[in-house]
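Student: Could we go through this model together, one question at a time?
Tutor: Gladly, let's have a look.

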Amino acid sequence: MKNEKLLYLETFGCQMNVSDSEKIASMLGEIGYSLTESHEEADLIILNTCSIRAKAEQKLYSLLGRFRELKKRNERLIVGVGGCVAQKEGRRLLRKVPFVNIVFGTHNLHLVADMVSAAEQGHRLVHVDFIDNDTRLDLFPKADGGGAVARFVTIMQGCDNYCTYCIVPYVRGREISRRSEDILDEIRTMAANGTREVTLLGQNVNSYGLKSPGECDFPRLLHTVASIDGIERIRFTTSHPKDLSPSLVSCFAEIPKLCGHIHLPAQSGSDAVLAGMERGYTRGDYLAKIEALKKARPDIQITGDIIVGFPGESEEDFQQTLSLLREVEYADQFSFIFSVRKETRAAGFADTVPYREKQERLSRLQQLQKGITLERNRSLVGTVQEILVEGKSRKGDQMFGRTDGNRIVNFTGDSSLAARIVPVRITRAFQNSLLGELQNEPGGGIHA
Ligand code: SF4
């Protein structure tokens with residue numbers, strides 16, 4: 001083991017990248033790197049990137065520009081780029097930014113420690129090959145949870161859906177499910193180390209196992225995870241609406257540990273736009289699944305993603321999306337302007353919507369969602385919610401945790417409450433969080 005060196009690790013984008021960054025930190029910990037929050041004092045800077053929107057890619061190059069000065073001051077500083085932009089750019093990145101030492105793609109995470117060791121010896125390396133067999137998931141070190149109350153667990157990678165606007169299949173590769181026995185082992189270890197909540201991660205968890213002969217499907221995996229002692233809450237993300245099966249919907253009625261929240265991205269409320277996106281469902285199909293979910297778990301919280309300004313989206317199409325928001329009553333929504341990714345088929349579609357119009361639609365949509373979110377948050381005032389306490393809140397004098405439906409709640413309490421599920425009466429509602437008071441009913445349920 002070498003002397004301790006400092007790693008500055010910045011993560012862009014999705015929860016999958018957050019999970020990958022945890023693995024990168026763990027692997028680099030094995031060769032003597034510990035995390036720092038200051039890039040100024042780092043010996044190694046790793047940027048774990050996202051390329052889902054053009055803006056995220058621009059952010060990488062602007063950050064690298066800032067690090068040029070650091071590299072001038074400290075020639076021994078190692079700079080590495082991983083994730084989706086690294087996958088897409090590959091060797092080009094080394095040419096564009098001469099002080100970058102290593103570039104590793106989305107299938108090459110397991111090589112990162114060896115690559116950094118080689119960079120310490122003055123080498124510059126690129127590894128962006130896809131490994132198209134299921135052993136690559138075994139190459140990832142199993143996480144032990146590190147004592148964290150809530151952890152992500154990757155159960156699959158890649159995507160076979162090729163929605164016309166999306167770059168993910170090109171930068172994450174074809175869909176591969178990790179072996180269930182490895183997933184369960186990892187979760188058992190996490191539970192033994194204090195983890196109480198796991199979020200099962202994948203680009204489309206609903207299709208987990210379906211392409212792996214002999215493997216269980218996603219509903220069966222959920223039932224098995226629920227049987228692990230110590231795990232009290234289970235979440236999952238992301239779900240593709242077309243693959244949300246009746247047996248998965250039933251899990252919300254059958255598995256008490258499965259939290260009452262689902263992220264189910266509709267992307268649009270218009271059938272014409274959904275057809276252009278090749279999402280594989282209609283607005284009617286989507287709403288039927290929402291109805292089934294609400295039947296299985298009446299208090300379920302639904303979040304989603306919407307893309308505004310897809311090529312050819314008319315005002316009428318957009319109105320359909322606004323009405324979908326009202327009909328579903330989403331707890332929250334991630335919404336974006338359509339971002340052209342030149343690798344995708346939608347890049348060849350005639351883009352008839354002026355950019356100012358797209359901005360205006362996004363703002364109308366976000367205003368509507370803000371109102372719905374606040375109204376839903378306000379409806380919780382006066383109720384007692386079970387909160388899994390995750391730690392001290394940003395304000396420092398409060399603790400924070402999440403409701404079963406994934407709303408953040410801050411309340412007065414001390415650190416001894418961490419990792420416990422406690423009843424908290426909601427006293428105030430804000431746009432992005434709730435405020436509450438701890439109740440003297442340890443283990444109590446939800447009361448109106
Ligand atoms: S389902 Fe569609 S949007 Fe989601 S990752 Fe796959 S291609 Fe992208």
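Student: Which residue is the bridge partner of F152 in β10?
Tutor: Before we start, note that this is a predicted model, in which local features need pLDDT of at least 70, side-chain atom pairs count only at pLDDT 80 or more, and totals for chains, interfaces and linings use all residues. Residues are numbered from 1 along each chain as its sequence is written. Strands (E, at least two residues) and helices (H or I, at least four) are DSSP runs numbered from the N terminus. For F152, the bridge partner in β10 is T199.

Student: And which residue is the bridge partner of T199 in β11?
Tutor: Two strands pair if DSSP finds at least two bridges between them. β10 and β11 run parallel and are joined by five bridges. In β11, T199 has as its bridge partner R235.

Student: In what order do the three strands of the open sheet come?
Tutor: The pairing in this sheet is parallel. Its edge strands, each pairing on one side only, are β7 (150-154) and β11 (233-237). β7 also pairs with β10 (residues 197-201) over five bridges. The order is therefore β7-β10-β11.

Student: At about what angle to β7 does helix α1 run?
Tutor: Helix α1 (residues 15-30) lies across β7, β10 and β11. Axes are lines fitted to C-alpha atoms, for helices over the stretch in contact (C-beta atoms, placed from the backbone, within 7 Å). Angles run from 0 to 180 degrees between N-to-C directions. Against β7, helix α1 runs at about 95°.

Student: How many of the five residues of β10 are buried?
Tutor: A residue is buried if 20 or more other C-beta atoms, placed from the backbone, lie within 10 Å of its own. By that count β10 is mostly covered, and the number of buried residues is four.

Student: In what order do the five strands of the barrel come?
Tutor: The pairing there is mixed. Five bridges join β15 (residues 384-392) to β18 (residues 421-429), which run antiparallel. The order is β15-β16-β17-β19-β18.

Conventions. Two residues are in contact if their C-beta atoms, placed from the backbone, lie within 7 Å. A residue is buried if 20 or more other C-beta atoms lie within 10 Å of its own, exposed if 12 or fewer, and partly exposed in between; C-beta atoms are placed from the backbone.
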